[in-house]
Amino acid sequence: MTNFEYYTPTRVVFGKDSEKKTGELVKEYGATKVLIHYGGESAKKSGLLDRICASLEEAGVSYVLLGGVVPNPRLSLVHKGMELVRKEGADFLLAVGGGSVIDSAKAIGYGVYNNCDPWLFYSKQAQAKGCLPVAAVLTIAAAGSEMSDSSVITNEDGWLKRGYNSNYCRCKFAVMNPELTYTLPPYQTASGCVDIMMHTMERYFTHETHTELTDGICEALLRTVMHNARILKENPFDYDARAEVMWAGSLSHNGLTGCGTVGDWASHQIEHELGGMFDVAHGAGLAAIWGSWARYVCEENTDRFAQFAVRVMGVPETDGSAKDLAQKGICAMEDFYRSIDMPTSLAELGIHPTDAQIQELAEKCVFFGKRTIGNFKVLNGEDVAKIYQKSR
Ligand code: NZQ
Ligand code: ZN
């Protein structure tokens, strides 16, 4: 087990009707004027936005609204949000939505607090010294941004999708009512489940040993999400399944599943380029490339993949050598993706990158030769291009 810090300062307010507490919560955290940030139509259509506004009014907290966040959130809207926050004197950012809205709010918070273009942080040219306070009312279980130290933004200039991590952006509180996710289209529910699982799998595929407790937490989380994803495919209104998945989403990306291990994160880096170039749903993109990544790196530690196969995917331990088990585990995960209508190739994801585009994706992914990605197996641009090729 490697040394680690575990820091999860976000207050979780979970359960039915929890959004009614939002006004009191922002007041408790000292907000005088709130920027309520949201996405497209979903929060308006469901009436959630009106309920949040009413809750703030009841608590006597003024607010200003900014919608329009799209999946793979754009830097241009972040700039617009910064202008609005300055003009209105807002001192608190409330994201009503999913990972995209929360990440956009975090970027606005970085920009205003540090009085600069936040892209400096996402492009690794500078480090933030703080962030305006951010909180979330979560409407989709997926990215885990409500408890993570991360934010991912797409710069339309070059279509670069880049993440930035720091504890400054951690949400002060996260309101999580599983009922708010009933209105999700099945594709978004399934895509979210994949992302949740991947946040744990990125941490689980490690060479670190003596991580018994963390392994057990990871394995239980993965089995729980698979079980409940299947239930939700049949019945999207199953409260308990929504609740299990929502809580798993937060625990999967708040650091818990990585205590004592060294995460890999190559699949995420590989997918982020697809999001930047083709604007695909993040979780679906991960499902499309994971099998190719897994087969490419598996021999680095076959035993680890065999453990995954047996403990997570239910492959019988007696079903062959470690190598056989490892391969069966990868196939079983792909079968699971298919069972919830998630893609297992780029073609199934609906994109057909040319050879030139694959080269461009790979070069962007390794910052034009300035970095490698992954830890389970360290990957350079050539490796990444091969993984994209094999995912076709
Ligand atoms: O814009 P609206 O109309 O709200 O529609 C959204 C959007 O189209 C819809 N949606 C959300 N809640 C809904 C709903 N539709 C009906 N009912 C509801 N209750 O779902 C669509 C996807 O929303 P989005 O916020 O994009 O989803 P998600 O939470 O998956 O976030 C994805 C973004 O987060 C980044 C991804 O790369 C991607 O940009 N990530 C952020 C991370 C972080 N900050 O820690 C980690 C992740 O690995 C990930 O990279
Ligand atoms: Zn993710």
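This is a predicted model: local features need pLDDT of at least 70, side-chain atom pairs count only at pLDDT 80 or more; totals for chains, interfaces and linings use all residues.
Residues are numbered from 1 along each chain as its sequence is written, chains are lettered from A and ligands numbered from 1 in the order in which they are written, and side-chain values use heavy atoms, with hydrogens and water left out.

Q: How far apart are the centres of domain 1 and domain 2?
A: The chain is divided into domain 1 (11-180) and domain 2 (184-390), with bounds from an automatic or database domain assignment. Taken over C-alpha atoms, the separation of their centres is 26 Å.

Q: Which three residues supply 22% of the area that domain 1 buries against domain 2?
A: Buried area is the accessible area (1.4 Å probe) that two parts lose on being put together, summed over both. For the two domains this is about 2,300 Å², 62% of it on carbon and sulfur atoms. The three residues, which supply more than any other three, are Ala141, Lys161 and Pro178.

Q: Which residue meets Arg74 in a salt bridge?
A: A salt bridge is a side-chain nitrogen of Lys or Arg within 4 Å of a carboxyl oxygen of Asp or Glu. Between domain 1 and domain 2 the count is two. For Arg74, the N to O distance is 3.4 Å and the partner is Asp279.

Q: How many residues apart in sequence are the parts tied together by Asp195 and His282?
A: Helices (H or I, at least four residues) are DSSP runs, numbered from the N terminus. Asp195 lies in helix H7 (residues 186-204) and His282 in helix H11 (residues 282-297), so the separation of the parts that they tie together is 87 residues.

Q: Which helix holds the salt-bridge partner of Asp215?
A: Asp215 pairs with Arg304, the closest N and O atoms being 2.7 Å apart. Asp215 is in helix H8 (residues 212-234), and Arg304, 89 residues away, is in helix H12 (residues 302-311).

Technical notes
Helices (H or I, at least four residues) and strands (E, at least two) are DSSP runs, numbered from the N terminus.
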